[in-house]
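Hi,

Here is the structure I promised to pass on to you. Have a look at it first, and then read on for what turned up.

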Amino acid sequence: MDASAAPATAQRVPPYQPYPVTVDEYVRFRREGFLVVKGLVSRAEVEELNAHTDAIMNGDVHVPGLPAPDLALPLAERHKAWERLHMAHRVLEVHERFLLHPRIIDVLEALIGPDVLALQTMLFFKQPGQAGQGYHQDAYYIPTQPDTLCGAWLALDPATEENGCLWFTVGSQHEPIYPDDQVDHPGDRLLDDIGTICNASHPDTSKNTLAKIAAKYPGAEVKVEAEPGDVVFFGGHILHRSHANRANYSRRAFVSHYCNARSRVPWNHGQPYAGDSANYLHILARGTTHLAYAQPKFGTLCAANAPELYGQRIFDDQPHSMMGDDNGFMITEPHGDPDHDD
Ligand SMILES: O=C(O)CCC(=O)C(=O)O
């Protein structure tokens, strides 16, 4: 075929080996509340993100909207100034590319899809001595309605107990979202007996009263050590935390959050938005939706701008669900079979 006749998107598609999610992985995600996919992102890609992270800390890359680091400070001191960077996918191409990484979205498609909306990015620098994050539930911070939030935590350095890896309280994924009375937080207040918490995310368990909820699951907290390129997926309700970095090496991670693209999202990282939901500001990563969505600012290929690749690829006039097939893989299945959908 004459290359000039190829569709524009086909010419731009990077080499991409899809990640097929098994039914067993889906079940583990539901049973444990989290799922580790080893080596989902290549070492070369991790190195690119690490070089970018170093360049930010050294002042070689400027993050629009943030002051440049104080170059008068010694390097080690300067590095301590960076803890985490939020929502940089709106200003830096590389963050958008990792937010929409097709293999990460393959897994999300199976776990919470098939329609996936990309909401948020955080780059954790976690240099030696930097603090961890105490018990919290992510859906407390990022509400989605229906609640379909899922995090994807990409290890950029080896994450160990010593440098502050993630810990999950298995079983707590079934807990509601606890409201905080001190900050007028909604939580799952419709539950009569829910009670309230305070100081979510505080590392001190005598102040962070989610520790009392964690205590309902004795012996169920598991540490998740990870290698660069491993991705940890976790739902919005599971109690999790990380401890301070006590090592002399960094524990960097790139963390993104997503929901099913058919959930309403009354959230724009604390920034204003028009109307009753901010879906129109978040990017459609996979599938389709009847709700609004944004285009990626830097043109990373995804369902929003390349529906023929990442959208509803077959029977596009029919709704789809994720289902297990006879070979033990999660697949996208259209509805509309008269034998089943009466
Ligand atoms: O990476 C960490 O230390 C904490 C990350 C976390 O808890 C989150 O992204 O919800």
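This is a predicted model: local features need pLDDT of at least 70, side-chain atom pairs count only at pLDDT 80 or more; totals for chains, interfaces and linings use all residues.

Which residues of H3 are the buried ones? They are Val-46, Leu-49, His-52 and Thr-53. Viewed down the axis of H3, these buried residues fall within an arc of 120 degrees, so they line one face of the helix. On the face turned away from that buried side, H3 carries the exposed residues Arg-43, Ala-44, Ala-51 and Ala-55.

As for its dimensions, H3 covers residues 43-57, 15 residues in total, and its first and last C-alpha are 21 Å apart, close to the 21 Å expected at 1.5 Å a residue. After H3 comes Gly-59, with a positive phi near 85 degrees.

S10 also takes part in the ligand site: strand S10 (253-260) and strand S9 (240-242) each supply at least two residues of the shell around the ligand. Among the residues surrounding the ligand are His-240, Ser-242, Ala-253 and Val-255, as well as Phe-124 and Asp-138. By type, the shell divides into 3 nonpolar, 6 polar and 1 charged.

Now for the chain as a whole. Its secondary structure comes to 9 helices and 13 strands. The radius of gyration is 20 Å, which agrees with the value near 20 Å that a compact globule of 342 residues would have. Buried residues make up 41% of the chain. Of the contacts with a separation of 6 or more, 73% are between residues 24 or more positions apart.

Enjoy exploring it!

Best wishes

How values were computed. Residues are numbered from 1 along each chain as its sequence is written. Helices (H or I, at least four residues) and strands (E, at least two) are DSSP runs, numbered from the N terminus. The radius of gyration is taken over C-alpha atoms; the globule rule is 2.2 Å times the number of residues to the power 0.38. A residue is buried if 20 or more other C-beta atoms lie within 10 Å of its own, exposed if 12 or fewer, and partly exposed in between; C-beta atoms are placed from the backbone. Two residues are in contact if their C-beta atoms, placed from the backbone, lie within 7 Å. A residue is near a molecule or strand if its C-beta atom, placed from the backbone, lies within 6 Å of it. Ala, Val, Leu, Ile, Met, Phe, Trp, Tyr, Cys and Pro count as nonpolar, Asp, Glu, Lys and Arg as charged, and the others, Gly among them, as polar. The expected span of a helix is 1.5 Å times one less than its number of residues. The arc is that of the directions from the helix axis to the C-beta atoms.
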